[in-house]
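Please study the sequence and the structure before reading each solution.

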Amino acid sequence: MSDAVTCGWFDARVVTGAHPASLQPATDRDAVAAHLDRFELSGALVSAMASWLHDPIGGNAEASALAHSLADRGVLACWSAVPATPGELDSLTELVERAVDEGVAAFRIHPASHGFAPGLLDELYAALQANRLPLCIDAAEITWPELTAIATRYPELPIVISNLGYRKLRELWAALDGHTNIYVDLVDFAAHQGVEWLAANDLADRLLFATGFGLRDPGESVVRLAWSGLDDATVRLVGADTASRLFSGGRS
């Protein structure tokens with residue numbers, strides 16, 4: 001693999017803010033800019049720690065503020081959503097419309113952490129599908145039957161699974177094989193040679209480079225792709241090309 005192939009990747013999972021249990025400083029604008037420089041990235045998809053751990057809707061402003069400040073570096077915002085409830089959120093359709101107006105590139109949900117069933121967000125899924133905005137979710141936040149039910153009901157909605165963990169390839173394979181709209185990123189993609197195995201089975205176009213910077217050491221995902229042994233074209237596909245296709249819907 002040439003050195004040029006390891007440049008220009010897009011990080012599909014960066015989290016801004018501070019985790020209360022972390023010994024690391026908060027991930028702010030300067031930290032994200034340094035992350036882009038260190039790994040010669042073409043951009044990143046940024047969500048807010050606050051949207052996960054504190055204020056699901058209010059935290060979206062943090063993600064957008066950082067994305068706008070680094071827009072010239074290819075940084076895009078990822079917003080969070082919860083079911084519409086009085087005093088918190090009036091309409092999921094209006095939330096997506098506002099996100100599109102602000103150039104948001106994707107949405108993330110945390111149903112387990114926020115205490116709701118994924119089936120309560122049909123209005124969100126329909127609006128995301130109509131606007132070609134991907135849905136991102138950590139594997140621990142949803143069951144596989146819930147995930148595949150959403151993918152089946154909304155076949156044009158790209159769904160990106162993150163933080164897969166270890167010994168999950170059998171379940172992942174069933175989901176990927178049965179649904180062309182399901183993708184998986186490389187955050188904690190801990191299966192031994194899992195990247196190579198998916199590529200060998202013609203599923204490299206469902207893999208997305210992502211580090212989880214702000215929560216995890218980005219080096220693990222960088223090494224996982226850079227040392228995979230995949231050919232240059234496949235590395236570019238996973239590193240940047242699929243992200244470029246998925247995260248441009250709301251701005252085209």
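This is a predicted model: local features need pLDDT of at least 70, side-chain atom pairs count only at pLDDT 80 or more; totals for chains, interfaces and linings use all residues.

**Exercise 1.** State which residues are linked in a network of salt bridges, and describe the pair Arg216 and Asp188 within it.

*Solution.* Step 1: the network of salt bridges links Asp188, Arg216, Glu220 and Arg224. Step 2: between Arg216 and Asp188, the closest N and O atoms are 3.4 Å apart. A salt bridge requires such atoms to lie within 4 Å, so this pair qualifies. Step 3: Arg216 belongs to the loop between β8 (207–208) and α10 (219–226), while Asp188 belongs to the loop between β7 (182–185) and α9 (194–200), so the pair ties together parts that are 28 residues apart in sequence. Step 4: Arg216 has a relative accessible area of 29% and is partly exposed.

**Exercise 2.** Determine whether Arg108 and Asp138 are buried or exposed, and state what their salt bridge ties together.

*Solution.* Step 1: the N to O distance in the salt bridge between Arg108 and Asp138 is 3.3 Å. Step 2: Arg108 is found in strand β4 (residues 106–108) and Asp138 in strand β5 (residues 135–138); the pair therefore ties together parts that are 30 residues apart in sequence. Step 3: buried means under 20% relative accessible area. Arg108, at 2%, is buried, and Asp138, at 12%, is buried.

**Exercise 3.** Classify the accessibility of Asp30 and of Arg29.

*Solution.* Step 1: the side chains of Asp30 and Arg29 form a salt bridge of 3.7 Å, N to O. Step 2: the relative accessible area of Asp30 is 54%, so Asp30 is exposed. Step 3: Arg29 has 37% relative accessibility and is therefore partly exposed.

**Exercise 4.** State how many salt bridges a search of the whole structure finds.

*Solution.* The search finds 8 salt bridges.

Notes
Residues are numbered from 1 along each chain as its sequence is written. Side-chain values use heavy atoms; hydrogens and water are left out. Buried means under 20% relative accessible area, exposed over 50%, partly exposed in between (1.4 Å probe, protein chains only). Helices (H or I, at least four residues) and strands (E, at least two) are DSSP runs, numbered from the N terminus.
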